[in-house]
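Subject: Structure handover and notes

Dear colleague,

Please read the notes with the structure open beside them.

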Amino acid sequence: MSVADLNTAHEMVLDIRKLRLETVADRRVLIPNLDLTIRRGEIVGLVGQSGSGKTLTCFAVGGLVPPGVRVAGGEIRLEGRRIDNLTEAEWRTVRGGRIGMVFQDPLSSFNPVKTVGSILIESARRHRGLDKAAARALAVETLRAMRLPGADACIDAFPHQLSGGQRQRAMIGLALINQPALILADEPTTALDPTVQLQILALLRRQAQQAAALMITHDIAAAGAVCDRIAVMLEGEIVEEGRTAQVLYEPRHPFTRSLRDAAHLGRRP
Ligand SMILES: Nc1ncnc2c1ncn2[C@@H]1O[C@H](COP(=O)(O)OP(=O)(O)OP(=O)(O)O)[C@@H](O)[C@H]1O
């Protein structure tokens, strides 16, 4: 590996410092003080129980903090630039551009009256300024890269006409079409059959190599299958964070141990 490669491999993509989230109404602290970094080429898994704050963290990074919650402190930087104070107009260029998002259920996130192709084409035109023909060619190429069987036909299909696995491949394609720096994936495989889950995790692993990814999951085994590092959340705080093998096989925190034991991971490979 050359020095230039090493520099690229260590480039910081996401840098969250002292993030604090509170409810607006009664200033109840939901996330007291969260630090997390992700470098180019890394997939970091944020795991924990329901209600531990994984989704809120992901939403804060994507500028989608729900009404009723506010960022009360800290900083979030994407490729060195602060993003926690962007206007909604600025967010519209970042989301879908430098940040690609994958959610649990593409059926509810895709617009049902638009074809899969038109959704991808619209995104490529908006963020890259491509004409219609070039954007369509890029959409087909992207769907093929997602190993979507029948990519050429799927482009003219409506979301409900695809299988769950096909839809999730299309959504990952949408997240990646503009070559984002960061992929945010919130429970990307929870709604899928076990065999399809593995395929989608492998796809994310392959595609995240040119970017950085934050994967939210309650499933520590899924995180173990794809992530370079795992951060474990409990009641709004990261209680343990480290290389995947260390977190899975030498957990320090009792909560991590309980997650690991419940997942029946077996022996260290
Ligand atoms: N809009 C909101 N207003 C007030 N509190 C909220 C809001 N959204 C989430 N919370 C609270 O913030 C905490 C963290 O929620 P969050 O959805 O991030 O958890 P999670 O770990 O992603 O859980 P799940 O896996 O169920 O999505 C919870 O206590 C939740 O009740």
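Predicted model: local features only at pLDDT ≥ 70, side-chain atom pairs only at ≥ 80, totals over all residues.

Residues are numbered from 1 along each chain as its sequence is written.

Glu 79 lies in the loop between strand 4 and strand 5, where helices (H or I, at least four residues) and strands (E, at least two) are DSSP runs numbered from the N terminus. Although Glu 79 is not a glycine, it has a positive phi of about 50°, and the hairpin to which it belongs has 2 residues between its strands. Strand 4 (residues 69-78) pairs with strand 5 in the antiparallel sense over 2 bridges, two strands being taken as paired if DSSP finds at least two bridges between them. Within this pairing, Leu 78 has Arg 81 of strand 5 as its bridge partner, and Arg 77 stands opposite Arg 82.

Strand 1 (residues 12-23) runs antiparallel to strand 4 and is joined to it by 8 bridges, with Asp 15 opposite Arg 77.

A second open sheet has 6 strands in the order 6-7-8-3-9-10, and here the pairing is mixed. Strand 6 (99-102) and strand 10 (237-243) are its edge strands, each pairing on one side only, and the twist averages 15° from one strand to the next; for angles, axes are lines fitted to C-alpha atoms, for helices over the stretch in contact, and the values run from 0 to 180 degrees between N-to-C directions.

Strand 3 is largely enclosed by the rest of the structure, because 6 of its 6 residues are buried. Ile 43, Gly 45 and Val 47 point one way from the strand, while Val 44, Leu 46 and Gly 48 point the other way. In a regular strand the side chains alternate between the two faces of the sheet. Strand 3 pairs with strand 8 in the parallel sense over 5 bridges, Val 47 having Thr 217 as its bridge partner, and 5 bridges also join strand 3 to strand 9, again running parallel, with Arg 229 as the partner of Val 44. Strand 7 (residues 182-186) and strand 8 (residues 212-217) likewise pair in the parallel sense over 5 bridges, and Ala 185 stands opposite Met 215.

Helix 2 lies across strand 3 (43-48), strand 7, strand 8 and strand 9 (229-234), and runs at about 150° to strand 8; contact means that the C-beta atoms of two residues, placed from the backbone, lie within 7 Å. Helix 2 is mostly covered, with 6 of its 8 residues buried, among them Leu 56, Cys 58 and Val 61. Just after this helix, Gly 63 takes a positive phi of about 70°.

Which helix gives the most to the shell around the ligand? It is helix 2 (residues 54-61), with 3 residues. In total 14 residues surround the ligand, and the closest are Ser 50, Lys 54, Thr 55, Leu 56 and Gly 68; a residue is near a molecule if its C-beta atom, placed from the backbone, lies within 6 Å of it. By class, the shell has 4 nonpolar, 9 polar and 1 charged residues, where Ala, Val, Leu, Ile, Met, Phe, Trp, Tyr, Cys and Pro count as nonpolar, Asp, Glu, Lys and Arg as charged, and the others, Gly among them, as polar.

Best wishes

Note on methods. Buried ≥ 20, exposed ≤ 12 C-beta atoms within 10 Å, placed from the backbone.
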